[in-house]
Amino acid sequence: MERLYIEGGIRLQGDVTVHGAKNSALPLLVATLLTGDTSRLTNCPPLSDVAATGSILRHLGCQVTQSADTVTVDSTTITRSDIPDRLMREMRSSILFLGAIVARCGEATLTYPGGCELGPRPIDLHLAALKRLGVQVEEDHGAIHCYVNGRLQGADITLAFPSVGATENVLLTACLAEGVTILRNAAREPEIRDLCTYLNGCGARIYEQAEGVLCIDGVSRLHGCVHEVLPDRIEAATFLAAAAVTGGAVTLHRCQPSHLAAVFPVLEEAGCSLAIGQDTVRLLAPPRLTGFGTVRTMPYPGFPTDSAAPLLAASCTARGTTVYVESIFENRYRYVDELARMGARIRVDGRVAVVDGVKSLQGASVTCTDLRGGAALVVAALGAAGRSDITALHHLDRGYAYLEQSLTGLGARILRENRD
């Protein structure tokens with residue numbers, strides 16, 4: 001079993017480079033399926049979720065190669081239109097293949113996706129939107145079979161909630177449909193814009209008609225292109241939380257500060273000073289943070305749900321009380337019991353977590369419960385007194401590339417060890 005050993009209480013300082021975004025790389029890789037050509041994605045992070053997406057592409061008949069931070073996909077030939085259950089269970093975003101395979105092959109068969117257990121995340125929005133585009137859907141004991149009679153047809157679609165995944169599935173399906181699709185109440189996350197940029201680079205015709213309204217003018221075919229994955233705003237927020245909890249002075253490079261606009265006021269409320277550059281952010285933290293007030297997660301441009309866990313961990317040793325309200329997922333606080341092992345004082349009531357800051361956390365043996373919860377444990381361990389060891393690292397590896405190397409470069413004492 002692999003473990004991270006972290007010696008806490010060390011002030012982080014220095015420079016760190018932000019990697020490409022997991023939440024952008026995955027839909028981009030799925031989108032390469034539509035082109036019937038070769039695409040190259042640069043700044044693509046070497047994550048286990050990226051590898052899982054590559055495995056699905058290979059299963060479908062694509063040629064996939066990865067060298068450093070570049071992934072090349074040749075989707076010229078597709079030999080299948082189904083995905084087995086074992087591959088679907090690897091990650092939640094595997095559901096994006098549904099629209100892409102249907103658009104490319106005219107039919108698709110797969111099962112319900114896996115991923116972190118964050119409470120119910122039904123795919124009803126996805127299926128309802130695809131039906132509007134002419135997709136016939138048959139469900140049978142967890143299996144989903146979709147097919148199209150003729151060609152996909154553009155439609156006017158309004159999402160009941162600005163779901164990122166449903167928005168991406170509509171984009172992937174509608175760009176090869178006949179006619180125009182208007183998607184209302186679409187998600188506005190930067191990763192959505194990144195997907196649109198890639199698809200347009202491949203010959204799609206997608207533009208923003210108004211805030212939250214996307215127009216997709218279908219084309220008969222796409223071609224490959226070279227595209228750079230945008231920086232990971234969630235990784236950036238995690239580095240900022242780690243610097244804040246240790247009273248550090250850290251500069252992030254190769255990031256997009258505008259994507260972190262909702263996180264900055266929370267850090268400033270805690271007493272941190274921020275210097276914002278064109279593609280850099282420098283944070284200088286006080287010796288001890290002040291309570292963050294109330295943090296409410298919201299769809300973009302609100303505070304991102306994926307950034308809440310590492311910030312919550314940082315607030316565990318802040319003076320005063322911080323309140324977190326989770327409005328996206330029902331079961332985001334599974335990692336709180338692990339923080340309690342380190343001495344954190346957190347009360348959870350449904351979607352609300354109240355953190356009463358303590359003077360210091362103590363190192364302990366803890367287990368990652370999910371991806372962002374694992375990041376919270378790393379942040380807490382960096383700020384704790386003594387040594388922590390963290391297990392179930394496969395959760396962290398889904399979304400953080402070279403995490404221990406990045407933190408070691410900032411002065412952290414952190415070691416990954418295999419103790420099988």
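**Close-up views of a predicted model**

**View 1. Residues around the second largest pocket.** In this predicted model, 18 residues line the second largest pocket, and Val245, Thr246, Pro287, Thr317 and Gly383 lie nearest its centre. Two elements each give two or more residues to this lining: helix H8 (233-245) and helix H12 (371-383). The pocket holds about 210 Å³ of space. Its lining has nine nonpolar residues, six polar ones and three charged ones.

**View 2. Helices H6 and H7 packed together.** Helix H6 spans residues 164-174, and helix H7 spans residues 190-201. Their axes lie 10 Å apart and meet at an angle of about 10°. Angles under 35 degrees count as roughly parallel, so H6 and H7 are roughly parallel to each other. From H6, the contact uses Val164, Thr167, Glu168, Leu171 and Leu172. From H7, Ile192, Leu195, Cys196 and Leu199 take part. Which classes do the residues of this contact fall into? Seven are nonpolar, one is polar and one is charged.

**View 3. The largest cavity and its lining.** The whole structure has three cavities of 30 Å³ or more. About 110 Å³ of space lies in the largest cavity. Its lining is made of 15 residues. Nearest the centre are Ala308, Ala309, Glu326, Arg332 and Tyr335. Helix H10 (305-315), strand S18 (321-325) and H12 each give two or more residues to the lining. Which element gives the largest share? H10 does, with four residues. By class, the lining of this cavity has eight nonpolar, three polar and four charged residues.

Key:
Residues are numbered from 1 along each chain as its sequence is written. This is a predicted model: local features need pLDDT of at least 70, side-chain atom pairs count only at pLDDT 80 or more; totals for chains, interfaces and linings use all residues. Side-chain values use heavy atoms; hydrogens and water are left out. On a 1 Å grid over the protein atoms alone, a cavity is a set of points where a 1.4 Å probe fits but cannot get out, and a pocket is an open set with protein on both sides within 12 Å along at least five of seven lines; lining residues have an atom within 4 Å of a point. Grid points are joined across faces, edges and corners, and a volume is the space filled by probe spheres set on the points. Ala, Val, Leu, Ile, Met, Phe, Trp, Tyr, Cys and Pro count as nonpolar, Asp, Glu, Lys and Arg as charged, and the others, Gly among them, as polar. Axes are lines fitted to C-alpha atoms, for helices over the stretch in contact, and angles run from 0 to 180 degrees between N-to-C directions. Angles under 35 degrees count as roughly parallel, over 145 as roughly antiparallel, 65 to 115 as roughly perpendicular and the rest as oblique. Contact means heavy atoms within 4.5 Å.
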